[in-house]
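Please work through each task before reading its solution.

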Amino acid sequence: MSISASSDDDRGQWGSKLGFIMAAAGSAVGLGNIWRFPYVTGENGGAAFVLVYLVCVFLIGVPLLYVELALGRASGRNPVGAFQKTKPGTPFMFTGILCLMACFFVLTYYGVIAGWTISFAWSQITQTPLVFSEYIAKPGTVLPVFAGFIALTIWIVSAGVEKGIEKWSKILMPVLFVMMLVIIGRSLTLEGASKGISYYLNPDFSKIDGKVVLMALGQAFFSLSVGWGLMITYGSYMPKSQNIVSNGLWVASADTLVAILAGFMVFPAVFAFGMDPGAGPGLTFVTLPKVFAQMTAGWVFGAIFFCLLSVAAVTSSISMLEVPVSYFVDDKPKARKKAAIMVGIFAFLIGIPSAMANGGSEFFSNMELMGKTGFLDIMDQVFGTLCLIVISLSLSIYVGWIWKTEPAVKEISEGCPWFTQPMVAGISPAQIWAFFVKYICPVVISLVLVNALGLFDKESPEPAPKPKTEQAVPTQTSPEDNASSPSQ
Ligand code: PHE
């Protein structure tokens, strides 16, 4: 493992620029892109949502991505250490703790959903169709695949930064991309695919309202892995010679490209077979298997699709496990393996109620908190939604006003000298970035927070339409809903 001169210990470091990009893109590209992005787009009006999403990614998500990378590389520390080292003694250290908690607790239910994708891949390969609502209600099948998924994640993380995460991301990301192209090729050549393409590409601007904007921003945070302290950790493994600006842009572009391509896999096929694009979270697990069943040799494409989802999920889950592990091993790198195993096992145990929350256990399926029903949904609301928004807000305030943008700009311009050079009208990219971090991000994120707390809901005269799912559900809420929205 290569060690930089600036690194004061044996924490590990990315071996190359490509290594960082693949690992960070691997984290960003996940269930959020392939499973969540298409159904959220379908629920929010298609092309118009996609446009708003793109604006959110590049105007809010990318500036915050630079915030995290700069903080990580400047401190060379995990999220808690990063706040302690850059400005000791501020309460922002608690933001670091929230980062560890968000990654850990989201891993506990992300692993459950990832387990479902493995079972669905297997069901396509063996050509034994699974009924989604029945499958997720059976702990006897859900728990073993969940355990297997967590074990795989532990195995990769315990191998270390370069030999584990970097190596596997470099292999798995191109595989994922090729699998996507195969499915898109099939989807686009189906008879009737053009209706789906026009739904996906012709925006109807009347569909854009406040809620759509907020949904798009929430999706952007979730998908870019921004607001989890994850990019602080990954930034801390980045050598000073690497360019934060271009690396960050590569990661954001790759993540966005995969999300957009996921739409090209899903919508042409959904329209070609007359399915409902607004089917909600079940779009992947309920609608798509039906689409595959109607295709010639559909099981081959189905198997590729669900393997793709599993691969995307594993490159994301390793990054979620890495954040708490980095906290435990920052001062004692030899303990990496032990820390990965301990944290992973703990994540599995805490995840058991989520695995039982879709009919497996009446108690965990029906419990209610903050307007959500079921343990998985509650975890998602608390850690995958609220925590994330609070962290993003606190990060922009910390770097904009407490640590101040100057040291961050200095960090970013190392490896990217043009960042501080005046460009158009004598303004430098650094000045634009600082303006966004100090003013635009805190204001916009505060709006998202208000929305997430449900304060806007009271004003809306009509309740949002329920996702139309296609089958009966065993629990009070639809299992598709329970599996829903690791985001706002
Ligand atoms: N960005 C990932 C996705 O789209 C989720 C994720 C968030 C992964 C944070 C790791 C850390 O699914």
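**Exercise 1.** Determine which side chain places an N or O atom 2.7 Å from an oxygen atom of the ligand.

*Solution.* In this predicted model, the side chain in question belongs to Tyr 110, whose N or O atom is 2.7 Å from a ligand oxygen atom. A polar contact requires a pair of N or O atoms within 3.5 Å, so the pair at 2.7 Å is examined against that cut-off and qualifies.

**Exercise 2.** Identify the residues whose backbone N or O atoms lie 3.4 Å from a nitrogen atom and 3.2 Å from an oxygen atom of the ligand.

*Solution.* Step one: the ligand nitrogen atom has a backbone N or O atom of Ser 27 at 3.4 Å. Step two: the ligand oxygen atom has a backbone N or O atom of Leu 31 at 3.2 Å.

**Exercise 3.** Describe the shell around the ligand and state which helices each supply at least two of its residues.

*Solution.* Begin with the count: 15 residues surround the ligand, and the closest are Ala 28, Gly 32, Tyr 110, Phe 222 and Ser 223. Then assign the helices: at least two shell residues come from each of helix 1 (17-28), helix 2 (31-43), helix 10 (210-224) and helix 14 (298-329). Finally, the space that the ligand takes is the largest cavity.

**Exercise 4.** Compare the radius of gyration of the protein chain with that of a compact globule.

*Solution.* For 488 residues, a compact globule would have a value near 23 Å; the protein chain has 21 Å, which agrees. The C-alpha trace spans about 55 × 50 × 45 Å along its principal axes, and the secondary structure comprises 20 helices and 2 strands.

Conventions. Residues numbered from 1 in each chain as written. Predicted model: local features only at pLDDT ≥ 70, side-chain atom pairs only at ≥ 80, totals over all residues. Heavy atoms only, no water. Near = heavy atom within 4 Å. Polar contact = N/O pair within 3.5 Å; in protein donor to acceptor, adjacent residues only side chain to side chain. 1 Å grid on protein atoms, 1.4 Å probe; cavity = no way out; pocket = protein on both sides within 12 Å on 5 of 7 lines; lining within 4 Å. Sits in = over half its atoms within 2 Å of the grid points. Helix = DSSP H or I, 4+ residues; strand = E, 2+ residues; numbered from the N terminus. Rg over C-alpha atoms; globule rule 2.2 N^0.38 Å.
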